Amino acid sequence: MGKFQVMDHPLIQHKLTIIRDKNCGTKVFREVVNEIAMLMAYEVSRDMPLEPVEIETPMGKTTQQVLTGKKVAIIPILRAGIGMVDGMLELIPAAKVGHIGMYRDHDSLEPVEYFVKLPSDISTRQLLVVDPMLATGGSAILAVDALKKRGGTNIKFVCLVAAPEGVKALQEAHPDVDIITAGLDEKLDENGYIFPGLGDAGDRLFGTK
C-alpha cells in the first residue's frame with residue numbers, strides 16, 4: 001500500500017486556514033496556494049536519491065552528496081491543478097510539466113478525460129500528480145489510469161485537502177500510489193464537495209463562478 005501522509009507542518013496549516021476562509025480573494029488565494037505547494041514540494045522530494053561527488057572547497061578536496069538527477073514531472077489535473085505548479089517548480093525547477101484535462105459531470109459526478117499532454121519519457125520519471133482537491137477520488141483515479149496506460153509507474157498524488165472517501169477510493173484503485181495532503185477533512189457533502197473544504201478551487205483560483 002502506498003503511504004498516506006497529512007503534512008501537519010505549522011506553516012502549511014496556517015496557510016491552509018487562510019485559503020479556506022471564504023473572504024480570501026483571488027489574488028491572495030492564488031499566492032497562498034503556490035506557497036503551500038512549494039512547502040509540500042520540500043516534503044515530497046524528501047526521498048529523492050543522492051549520489052557522491054568529489055568537489056573542492058576553499059579548504060581542500062571532499063566528497064559530498066548531490067541529487068542523482070532522478071527526473072521529475074509535475075502533472076496538474078486541469079484546471080485547478082495549475083494553481084500548484086509554479087510553487088513546486090520554485091523548488092524543483094528542472095521538472096517537466098504534463099497536463100491532464102478532466103471535468104466532473106455535474107449530474108453523474110463522474111470525471112471525463114478530455115486532454116492529455118505528457119513528457120515523452122514519463123516511464124523514467126517520478127510523477128507528481130497535483131490537484132487542490134481529492135473529493136470523490138474519481139478525477140485522481142482517472143488521471144493515474146491515464147499515466148499508467150502511457151507507461152508511468154512511479155506516481156505520487158499531491159493535494160491541499162482530501163476527503164476520507166476520496167483517499168479510500170484512490171488507495172483501493174491504485175494501492176501503489178502515495179497520497180500527500182495538507183489537510184484531511186471531515187467528509188463529502190451530499191453534492192460530492194469536501195466539507196469543510198475550501199469551495200471550488202478552480203473558481204477561487206481563476207475568479208470564475
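Modeller: Start with a cut-off. Buried means under 20% relative accessible area, and exposed means over 50%, with partly exposed in between. Keep in mind that this is a predicted model.

Take I36 as the helix position. I36 sits in helix α2, which covers residues 26-44. Its relative accessibility is 0%. That is under 20%, so I36 counts as buried. What does I36 touch, leaving aside neighbours within four places in sequence? The contacts are I12, K15, L16, I19, L160 and A182. K15 and I36 are 21 residues apart along the chain, yet 6.7 Å separates their C-alpha atoms.

Now the salt bridges. The count is eleven. Here are some of them, one by one.

Begin with D185 and R20. Their side chains form a salt bridge, with 2.7 Å from N to O. This pair links distant parts of the chain, 165 residues apart. R20 belongs to helix α1, residues 10-20. D185 lies in the loop between β11 (178-184) and β12 (187-188). Are the two partners buried or partly exposed? D185 has 8% relative accessibility, so D185 is buried. R20 has a relative accessible area of 24%, so R20 counts as partly exposed.

Go next to R150 and E113. Their side chains also meet in a salt bridge, at 3.8 Å from N to O. E113 is in strand β7, residues 111-117, while R150 is in the loop between α4 (138-149) and β10 (154-162). The pair therefore ties together parts that are 37 residues apart in sequence. R150 is partly exposed, at 38% relative accessibility. E113 is partly exposed too, with a relative accessible area of 31%.

Finish with R125 and D121. Here the salt bridge runs 2.8 Å from N to O. R125 is at 6% relative accessibility, so R125 counts as buried. D121 has a relative accessible area of 18%, so D121 is buried as well. This bridge is part of a network. Which residues does that network join? They are K71, D121 and R125, connected by salt bridges that share partners.

To look back: I36 is buried in helix α2. D185 and R20 bridge parts 165 residues apart. R150 and E113 are both partly exposed, whereas R125 and D121 are both buried.

Note on methods. Residues are numbered from 1 along each chain as its sequence is written. This is a predicted model: local features need pLDDT of at least 70, side-chain atom pairs count only at pLDDT 80 or more; totals for chains, interfaces and linings use all residues. Side-chain values use heavy atoms; hydrogens and water are left out. A salt bridge is a side-chain nitrogen of Lys or Arg within 4 Å of a carboxyl oxygen of Asp or Glu. Helices (H or I, at least four residues) and strands (E, at least two) are DSSP runs, numbered from the N terminus. Buried means under 20% relative accessible area, exposed over 50%, partly exposed in between (1.4 Å probe, protein chains only). Contact means heavy atoms within 4.5 Å.
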